[in-house]
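Thanks for coming, everyone. Please look at the screen, and I will walk you through one structure.

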Amino acid sequence: MSDLATPSAANDARHRRFDVFGFLARYGTVIALVLLVVFNLAYTRNFATLQTLNVNLTQVCTIVIVAVGMTLVIATGGIDLSVGSLMAISGALAPMIFMGTIFPVRNIYLAVAVAMVTSILVAGLFGLFNGWLVSRFRIQPIVATLVLFIAGRGIAQVMTNGNLQTFRVPQFQWIGLARPFNIPAQVIIMILLVAATAWVLKRTVFGRSILAVGGNEKASELAGIDVPKIKLAVYAISGSCAGLAGLIVIAINSSSDANLVGSGMELDAIAAVAVGGTLLSGGKATVIGTLLGALTIQLVRYSLLANGVPDAAALVVKAIIIALAVWLQQQHRT
């Protein structure tokens with residue numbers, strides 16, 4: 001009897017063994033964020049001020065907003081390289097509407113409302129096009145979204161004839177410059193979007209279907225989940241989030257440059273998702289983790305720059321963090 005009990009005891013001990021990689025994969029981002037805050041409190045001048053907090057939050061807002069949509073796409077096992085170009089399209093279209101370039105609207109409030117809604121919807125429709133290529137023609141997501149990654153910015157440049165659009169329209173720029181309750185408006189938008197998306201993922205059938213599709217697409221189809229509709233939805237949401245982020249960027253800058261708006265955003269969003277703990281292979285997603293991942297990357301960059309380290313070195317550190325996060329995910333899965 002004692003011989004028979006020995007393997008069982010060994011198995012129990014193995015299961016009780018502390019999973020270092022699993023712990024770091026789950027809590028590594030939080031630990032890194034806490035360590036960065038402690039480091040800056042000790043070594044960075046004027047870190048513990050409201051101004052520093054606002055600077056870091058406003059710089060990370062658009063990344064988080066785009067990364068929320070990217071999280072949903074990656075959760076299905078896809079990827080969206082077109083988000084930066086969709087930001088450029090949205091940012092090019094909105095001023096053309098509220099400044100009356102396309103058609104005159106006498107009431108500025110109505111013009112701004114039409115411009116914002118139309119720009120986000122157009123970006124969402126382009127996202128829907130990405131989803132259509134992925135779900136209908138089963139094109140690899142990285143290839144399907146590469147189409148608008150290349151063509152989207154060209155579309156924005158054609159719309160504006162390559163010209164810089166400048167404006168002073170407070171009724172529109174509140175989205176990037178207003179501070180209700182002394183909190184930047186884009187921070188409030190970011191928090192509401194993250195909270196709503198986290199609730200959808202955890203509490204709704206749609207959210208569970210997203211994770212199921214990313215975990216096992218064939219099994220999801222057999223379970224009755226409409227996989228093409230789920231993919232269409234997440235790419236449309238990703239496009240809409242990019243459209244919203246594009247509006248915030250041009251509102252802050254008081255100008256729209258189709259060459260620059262959203263440049264490199266796809267990489268920043270993917271980085272935030274990866275560092276936040278969402279599996280790049282799909283099936284697991286955490287929007288709160290995406291927020292923490294974006295904050296961690298931003299704080300690393302701020303810490304280095306505030307302490308005299310060149311921006312080029314900050315990019316190297318950022319790349320190392322992303323590689324480490326993905327490596328930890330792989331170790332935990334194996």
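A word on the source before that. This is a predicted model, where local features need pLDDT of at least 70 and side-chain atom pairs count only at pLDDT 80 or more, while totals for chains, interfaces and linings use all residues. Residues are numbered from 1 along each chain as its sequence is written, and side-chain values use heavy atoms, with hydrogens and water left out.

Now the whole protein. What does the protein contain in helices and strands? It has 14 helices and two strands. Both are DSSP runs, numbered from the N terminus: helices are H or I with at least four residues, strands are E with at least two. Along the principal axes, the C-alpha atoms fill a box of roughly 90 × 55 × 35 Å.

How much of the protein is buried? Of the 334 residues, 46% count as buried. Buried means under 20% relative accessible area, exposed means over 50%, and partly exposed lies in between, with a 1.4 Å probe and protein chains only. Then contacts, meaning heavy atoms within 4.5 Å. Take those in the protein with a separation of 6 or more: residues 24 or more positions apart account for 78% of them.

On to helix packing. Two packed helices are described by the angle between their axes and the distance between the axes. The axes are lines fitted to C-alpha atoms, for helices over the stretch in contact, and angles run from 0 to 180 degrees between N-to-C directions.

Start with α3, residues 50–75. Against α8, the angle is about 25° and the axes are 9 Å apart. The two helices are therefore roughly parallel. For these labels, under 35 degrees is roughly parallel, over 145 roughly antiparallel, 65 to 115 roughly perpendicular, and the rest oblique. The crossing of α3 and α8 is left-handed. A crossing gets that name if the near helix is turned anticlockwise from the far one by less than a right angle, and right-handed if clockwise. Who meets whom? From α3, the residues include L57, V60 and V64; from α8, they include I189, L193 and L201. By class, this contact has 13 nonpolar, three polar and no charged residues. Nonpolar covers Ala, Val, Leu, Ile, Met, Phe, Trp, Tyr, Cys and Pro; charged covers Asp, Glu, Lys and Arg; the others, Gly among them, are polar.

Next, α3 with α12, residues 265–276. Here the angle is about 65°, with the axes 8 Å apart. So α3 and α12 are roughly perpendicular to each other. Their crossing is right-handed. Among the residues in contact are T62, I63 and V66 of α3, and M265, E266 and D268 of α12. The class count is ten nonpolar, two polar and two charged.

Back to α8. With α13, residues 287–306, α8 packs at about 145°, and the axes are 8 Å apart. M190, V194, T197, A198 and L201 of α8 meet V287, I288 and L291 of α13. That makes seven nonpolar, one polar and no charged.

Now single residues. V249 sits in α11, residues 227–253. Is V249 buried or exposed? At 17% relative accessibility, V249 counts as buried. Leaving aside neighbours within four places in sequence, V249 is in contact with T62, M87 and V261.

A325 is in α14, residues 311–333. A325 is buried too, with a relative accessible area of 12%. A325 touches A274 and V275, not counting residues up to four places away in sequence. G277 is 48 residues from A325 along the chain, and their C-alpha atoms are separated by 7.5 Å.

Last, two loop residues. R138 lies between α5 (108–136) and α6 (141–160). R138 has a positive phi of about 55°, although it is not a glycine. R138 is exposed, at 57%. F181 lies between α7 (170–177) and α8 (185–203). F181 also has a positive phi of about 55° and is not a glycine. F181 is exposed, with a relative accessible area of 78%.
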